[in-house]
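Work through the exercises below with the structure in view. Try each task before you read its solution.

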Amino acid sequence: GTFALYSLICRYARVGLIPSQQAEDRDVSNFQLELPSNRLRRASKLKSKLENSQFAKFFLLIITMLGTSMVIGDGVLTPCISVLSAVGGIKEATSAMTEDRIVWISTAILICLFMVQRFGTDKVGYSFAPIICVWFSLIGGIGVYNFIKFDPTVIKAINPKYIVDYFKRNKKDAWVSLGGVVLAITGTEALFADVGHFTVRSIQISMCSVTYPALIMAYTGQASFLRKHQSLVSDTFFKSIPHSLYWPMFVVAVAAAIIASQAMISGTFSIIQQSLSLGCFPRVKIVHTSAKYEGQVYIPEVNYLLMIACVGVTLGFRTTEKIGNAYGIAVVFVMTLTSSLLVLIMIMIWKTDILLVVAYVVIIGSIEFVYLSSVLYKFDQGGYLPLAFAAALMTVMYVWNNVYRKKYNFELEHKLSLERVKDIASDTNLCRIPGLALFYSELVQGIPPIFEHYVANIQALHSVLVFVSIKSLPISKVPAEERFLFRRVEPKELNVFRCVVRYGYTDIRNKVEPLEQTLVEKLKEFITENIYLAHIIDGKKGKEDENGVMNGEEWQERVVSETSMVEKAWEGGVVHLIGENEVIASKGSGIGKRLLIDYAYNFMKKNLRQSEEIFDIPHKRMLKVGMTYEL
């Protein structure tokens, strides 16, 4: 949720800290924002303040990182609490089942769950919906049964007078109990992520017609059961199940816990995939586990780290009570951050009436603040866990993003001028060899300094050279026909081009979409369009041949000549040139900067995936060019 909202703000205002925006980005069809025309002044004022304040840009990025880290923390806590609580129900069947055995069984299930992630959810996904439907039917049906059997008068709780009396009677204890109450709505913070896979209408229908009624019936039935069995409050769920339904309910509960865990683990992979596009997460390999559903991804490194964290939390905490305290903090934090970003969007993008914005802040904000203060009260009882996870993840994200920005700005400041590129390419000592060279760089505006370093050492250039920049736009998808943006480096005889390959933060970038072949096809299209436009412009300027007629054959010959030149270069062999930049802190840097760049960043860089693995570049046709940047 926070990531999607931050991306929406980045689309509207220049608050991104990496200066890679281009005017052409707004031409992408998905980029356009439909805006109401009134209340523009307030929106423009806020936009201007955000764009001109470096602090505001940093703050927005930091709270987005915090929200993202908290949801990833959810990905650790959800499997632990779900599986542990479901397996804990076996105590009802046998007294021989000790706490130690429950913990070890839960650990075994969690390890199995993470080990099968590599196969994706495509194969078993079809069983998820029926199991969840059976789960909701059972908890709803048992709730109605308990409500009728034990105490139907609990329906009086609908009257708000009772909650007022509850707070009057219990005061501080009532406020503290809200930390437990919030666990009834955990999972709803993931609804925003579900919008990426389902329509808003389908979520509204399933939530309002299945999930919400089933939960209300379940909790009402448990309240009715507790009116007669007040001593059983710690094990209400399994104690309130009719004896004949115990084993079916136990099996479905464990299956539902595994599905809930799977949903959160998949969500964590998706969030990290999207964080990569912000330059906020170290390079990791994204594996697409389904040819049919593009959103299903698997990240090997993250999977094993999540598994170690889950097993550690389960063995360390052992009970659901402390994990519940931690879970509550993660959930309410994510909700509060989402609401905060939403206020900015209401004012700046949706241009909502100021009275509605104030009402939203007062009503929703005050409710979330009360819940947040309650869950933070249990900080020392396990509540520190998600904040510790978030702190560790934010440190990783901040270090990577900070050095990534410094490196980008270094390249921007030292980029080669077009005159310098012309001088290099037209150097008589430079040998032009047949073939197509794709020179990868993160720099979008211009030619990176590493190119000059390469030419100085190799003294040879391929017949066609394309500088390729992979760029992420703050939108979920870029249509395939709008993905490539080409520019020609003059003079034309050099056959040097710049290409920006634009992706949305959920787009696939690997073997599924052959980049090399598509790039060559799009380059030929660009050359054809370019020559055709030049022909049209010449016609409008009145440039005619001796017969006084526009020469159509000439431009067609040029098209054939230049496109065949690209085709010939491609057939001659493609070489992928990758700029591998070593970064070190410049002389005289403080100890903080040296720790950040020389140790923290370089440690992550050396221990994670290299560029060629991220873009699946064939090793036989790859050449790495090294250069050291002093930041």
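**Exercise 1.** In which sense do S5 and S6 pair, and over how many bridges?

*Solution.* Start with the terms. Strands (E, at least two residues) and helices (H or I, at least four) are DSSP runs, numbered from the N terminus. Two strands pair if DSSP finds at least two bridges between them. Now find S5 and strand S6, residues 496–503. They pair in the antiparallel sense, over 6 bridges.

The model is predicted: local features need pLDDT of at least 70, side-chain atom pairs count only at pLDDT 80 or more, and totals for chains, interfaces and linings use all residues. Residues are numbered from 1 along each chain as its sequence is written, and side-chain values use heavy atoms, leaving out hydrogens and water.

**Exercise 2.** Which strands does S3 join in the parallel sense?

*Solution.* Take S4: S3 and S4 run parallel, joined by 9 bridges. Leucine 436 has valine 464 in S4 as its bridge partner. Next take S7: it runs parallel to S3, with 5 bridges between them. Here tyrosine 440 stands opposite isoleucine 578 in S7.
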